[in-house]
Amino acid sequence: MSAQLVLSLSVVLILALGVPVLFLLSSKLGPQESTKNSKNIPYESGITHCVGGCDNRFSVKFYLVAILFVLFDVEIVFMFPWAVRVRELGYFGLFEMFAFIALLVLGLIYIYRSGALKWQ
Amino acid sequence: MGDISYLLPLLFVGVGAVVLMLLSYTKSLSISSIAKIALGFLVLAFISNVYYFGELHKVYPYENVFFGMIVSDTYSVYFNSILLVGAIATILIGWDYFRPDRRFTGEFFSLLLFSTFGMMLLVQSAELLSAFIALEIASLSLYVMIGFQTDNIRRVEASYRYLVLGSLSGVLFLFGTALIYASTKTTFLGNIGVELLPQTGKDISLAIGGATLILITFLFKISAFPFQNWTIDVYDGSPLPVSAYMASTFKVAVFAFMLRFVAMDLGYIKDYWDGLLMGVIILTLAYGTFLALAQNNLKRMLASSSIVHTGYLLIAFVSIDIIGESASSSIIYYLIAYFLSAMGAFGLISYISSSDKLRLTYEDFKGFSHVRPYMSAMLSIFMLSLAGLPGTIGFIGKFYIFSGAIEAGYTVLATSAILATFISIYYYFKLIALMYFYPSPILSNVPPLKGLPPIFIGFIAIAVLWGGIGNTFIAFFPSIDFLIDVAKLSHRSLFLQ
Amino acid sequence: MIGLEHYLVLTGILFSIGIVGVIRRTNLLMLFFSTEILLNAVNIGFAAVSKYYGDLNGQIFSFFIIAIAASEVAVGLGLLVLWYKKEGTIDLTSLQMMKG
């Protein structure tokens, strides 16, 4: 292993563990955080007046669908590498991918049965 | 039977989890029938696992499919048996607790099986990333299981706390893996150790950093000193059978993985940890004892005493490179001892709380023996075993650990552990004294014992006594010697080629 | 010329941002962003080291990490909705935890 790699990785370790400690110390020394600052409002970037009011309520259904979307859409990352090498991987890869998709479908069946997809 | 036979336990649990997931919205199935199905899958897995119990082997099943990321050896079979018994015990002791009016649904059992699957995979993984995935499967299911009981107001808090801290520690594990990968170009257990040998002349400081980050994750998951704060609140906020499950099985699985990792790869790095770990152990013992003394709720007391037991286990963990096989087998044996006693104690109070509506403070147990003599006798047995009194399995476990520590030269650790044991007698015996030496004020006409849990808890109590007395009375009966022998065999199987 | 060390320094910076976020933030949603940043920091590290060694395993690892991060967030968001329904806020101060 090259000395360069050692050096850069030590930097990583120091950064990852040292900086937070410094930050914590700074929070002890510096001004105390007030609870009413703009960091805790929904749009942190400084939008204080929303069109139509900020506290419109959304149905919890939207969140449910969003969470399900997050779960299922990420699985595509496993399909891309397979799709790139589909010929080299042959039937073994095909079988593995079908097994993977079958598991996802089982999850989908569960979600369907639990009624999370019904818009009522 | 080929490679499939080594994977059958995992397969049964995994398939069972998926099947239960699909069945959980079938209206015609009641909770208890779903619990029976879950039990069936777990028993099948246990039977297929016991087939290889105590047989010296090390196999990488389907190496062309899993590329050696999953291993099956005597060690993994041993721990899988503990985990499966833990899952079965959780269902049995919670038989009356999991009722529809507590909003327990079929998914709960699916999650239980998923987390058992994750833990078994963790025990069987021979590679750092698959270990991380297994750890996450186990933890993610646990996060949800903790928050399952809708009538507990503190459940979201408990679940959230465990989720945030758990994912933080998981990230530290990953970062450690990345550092080890960067300095050794491999993440396979066994290969890492070869790369770290001093003969290769490499600079291993980064691997030390990475391994230390993984150690931090490990310390967090077993709730050792600087990372113990979540324990009491999480145990308190979760349903009682889930606390029992977490206290006994999760700790076993994490210990099993770390023991494998350290024994196979980190022999050289462990020397750097000695001072650190000694400090951690002494503080864990001291702080856990302090917390346990301060509690007046039985559930919280058991949670804080589990921190003390973590300290005992870590003592054997430290002495592992000096006395090797016997330290490793004493850890394994103590894990079984703690597993049985904690499962029994948690299971018993979960049964009591579901049938007698107690709040589980010490006060509630005043004169308990006059109302429920059978239950309080068993609770006393579990307390004696947790305190480590002779005649129980806890005594033998502590004996092996302390004598191992003295043999390895860690007299300070052994002394502080013995001190902690003496103090622990106070808070365990307080309960026994309250149960036996006071008149019973509040409990008068309690319903008679019924159902599976009392019988099963009785079995655990017998096992605790049997493990302590051993084959002194019944010759030629398999006993602790057998368990210790298999534990030694499991340790040896780690180093098979 | 951007070499391995640049990526690793980026990893370190992102990791410290994430850790500071987990420790300092009181908004639960921000807390999840921070854990995501942590996971993605590790991802960059894995991908960079993998490229450096010419070993594909590291890049595959980051796929798995992405998937795990998604499932962790799904559980977290589910709890978040539960918490909001109960308390009407997603501020940690109402939870009185994490500091213990």
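## Packing of helix H1 in chain B

The buried residues of H1(B) pack against helix H4 (86-114) of chain A, and within chain B against helix H2 (31-50), strand S1 (58-59), strand S2 (72-73), helix H4 (74-93) and helix H5 (106-124). Helices (H or I, at least four residues) and strands (E, at least two) are DSSP runs, numbered from the N terminus. Buried means that 20 or more other C-beta atoms, placed from the backbone, lie within 10 Å of the residue's own. Among the buried residues of H1(B) are B:Tyr6, B:Pro9, B:Leu10, B:Phe12 and B:Val13.

## Basis of the model

This is a predicted model, in which local features need pLDDT of at least 70 and side-chain atom pairs count only at pLDDT 80 or more, while totals for chains, interfaces and linings use all residues. Residues are numbered from 1 along each chain as its sequence is written, and chains are lettered from A and ligands numbered from 1 in the order in which they are written.

## Chain A

Chain A has 4 helices and 0 strands, in the order α-α-α-α from the N terminus. Of its 120 residues, 8% count as buried.

## Contact between chains B and C

Chain C gives 29 residues to the contact and chain B gives 24 residues, two residues being in contact if their C-beta atoms, placed from the backbone, lie within 7 Å. On the side of chain C that touches chain B, H3(C) gives the most, with 13 residues.

Methods. Buried ≥ 20, exposed ≤ 12 C-beta atoms within 10 Å, placed from the backbone.
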